[in-house]
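Try each task on your own before you read the solution.

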Amino acid sequence: MKIEWVPLRVPMNRRLQTLVTAFFTYTFFTLPISSCLAVAILLYYGEMFVRSLLLIYFVKIYLDYKRNYGIMEGNGWLFYRRIRRYRDYFPVELVKTAELPPNKNYIIASFPHGILGTGTCINMSLDIGNWLSQFPQVRPKIATLDHHFKTPFLRDILRWWGMVSVSKESLAYLLSKSNDPKHKDNRDGFTSNAVAVLVGGAKEAMDSHPGQYILTLKNRKGFVKMATRTGSSIVPSLSFGEVDIFDQVSNPPDSLLRRFQNVVKKLTGISPLLPKGRGIFNYNYGILPHRRRIVQVVGSPIDVAKCETPDPEYVDKIHGQVMRALEKMFDEYKEKYTPNSKQTKLIIQ
């Protein structure tokens, strides 16, 4: 394929958007490894003073995790959560279809995962201005892998961006918080927590290819059980265009690459994807996402009756409601937000 180079004359604003997107893309792909590498270098080459500081830091990480699973309370430092140029690069939009009253907590069941879950991450983590204007008094959080919050440096960056551990204990802690405006946890004026869970996880990421909305959901019921235990409502969410910003090296279910990815996923919780996108100076080769619109549609909340020991039949009932809500949302909005909508289908597996 002939390389299509970026024109020399490009508006400065678009160049800045590309640079910001490159920074975040490379950060997301390399941060877990680079964090561990940084610790190893400091321990090996650092003097006694540096090693002592690291020891204090490790103790702080341990105590923070024991206290509240490493969660940064409230909305954190908003300076880190208003990164507009990253949103404008695609652009990413947020569509509200129903109110989320701030008198309860919510699990935002987000689909599809895509390669990075970019739409959900921008709307509920990296640039939350649109969310706060549409859903006032509702704090947006995103749940990600638990071991990230035990990894030095990595955990601090994720906490600044409003991310939390997806462990059962962490979610229960956050979703069981009081909605009373007078409670000490709500002094910031917010009385509700909305935690986005990318339910399909690494398995769904491996199925992400342009134009293919393949959701891993039929056997994923843990988020429903968590909603039942905490009395949180479940809000289905679909990000149209999420699968179109990246392609990846072909990995059919029976391929050697997919088998390797499954083994690594089983051992680490992370699937080693081989993304295909564009570069900073060309449109054909690289791992930057393409400039394609992403629209996250936030559906109506599904109320759940609180019960410490969820009944399997009730869990199946709520799980079925979530699947039907996603199918209805997809049929209702696909013509508006997806190209080739007649050929685009939703597959739930």
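A word on the ground rules before you start. This is a predicted model, where local features need pLDDT of at least 70 and side-chain atom pairs count only at pLDDT 80 or more, while totals for chains, interfaces and linings use all residues. Residues are numbered from 1 along each chain as its sequence is written, and side-chain values use heavy atoms, with hydrogens and water left out.

**Exercise 1: the whole chain**

Task: describe the fold content and the overall dimensions of the protein chain.

Solution. Start with the secondary structure: the chain has 11 helices and 11 strands (DSSP runs numbered from the N terminus, with at least four residues of H or I for a helix and at least two of E for a strand). Next, take the radius of gyration, which is 20 Å and close to the 20 Å from the globule rule for 349 residues, so the chain is as compact as a globular protein of that length. That radius is taken over C-alpha atoms, and the rule is 2.2 Å times the number of residues to the power 0.38. Finally, the C-alpha trace spans about 65 × 60 × 45 Å along its principal axes.

**Exercise 2: contacts and charge**

Task: work out how much of the chain is buried, how far apart in sequence its contacts reach, and how its charges are placed.

Solution. First, burial: 50% of the 349 residues count as buried (under 20% relative accessible area; exposed is over 50%, partly exposed lies in between, with a 1.4 Å probe and protein chains only). Second, contacts, meaning heavy atoms within 4.5 Å: among those with a separation of 6 or more, 78% come from residues 24 or more positions apart. Third, charge: there are 48 positive and 29 negative side chains, and the centres of the two sets lie 4 Å apart. Lys and Arg count as positive, Asp and Glu as negative, and His and the chain ends are not counted; each charge is placed at NZ of Lys, CZ of Arg, CG of Asp or CD of Glu.

**Exercise 3: a helix and a strand residue**

Task: find out how many residues of helix H4 are buried, then look at what surrounds Ser239.

Solution. Helix H4 (residues 118–126) is mostly covered, with 9 of its 9 residues buried. Thr120 and Cys121 are among them. Now move to Ser239, which sits in strand E7 (residues 233–240) and counts as buried because its relative accessibility is 1%. Beyond its neighbours within four places in sequence, Ser239 is in contact with residues including Phe111, Pro112, Thr120 and Tyr213.

**Exercise 4: a buried arginine**

Task: which backbone oxygen lies 3.1 Å from a polar atom of the Arg258 side chain?

Solution. At 5% relative accessibility, Arg258 counts as buried. The backbone oxygen in question belongs to Met206. Setting aside residues up to four places away in sequence, Arg258 also touches Asp207, Asn251, Pro252 and Pro253, along with Met206.

Definitions and conventions. A polar contact is a pair of N or O atoms within 3.5 Å; within protein, one must be able to donate a hydrogen and the other to accept it, and residues adjacent in sequence count only if both atoms are side-chain atoms.
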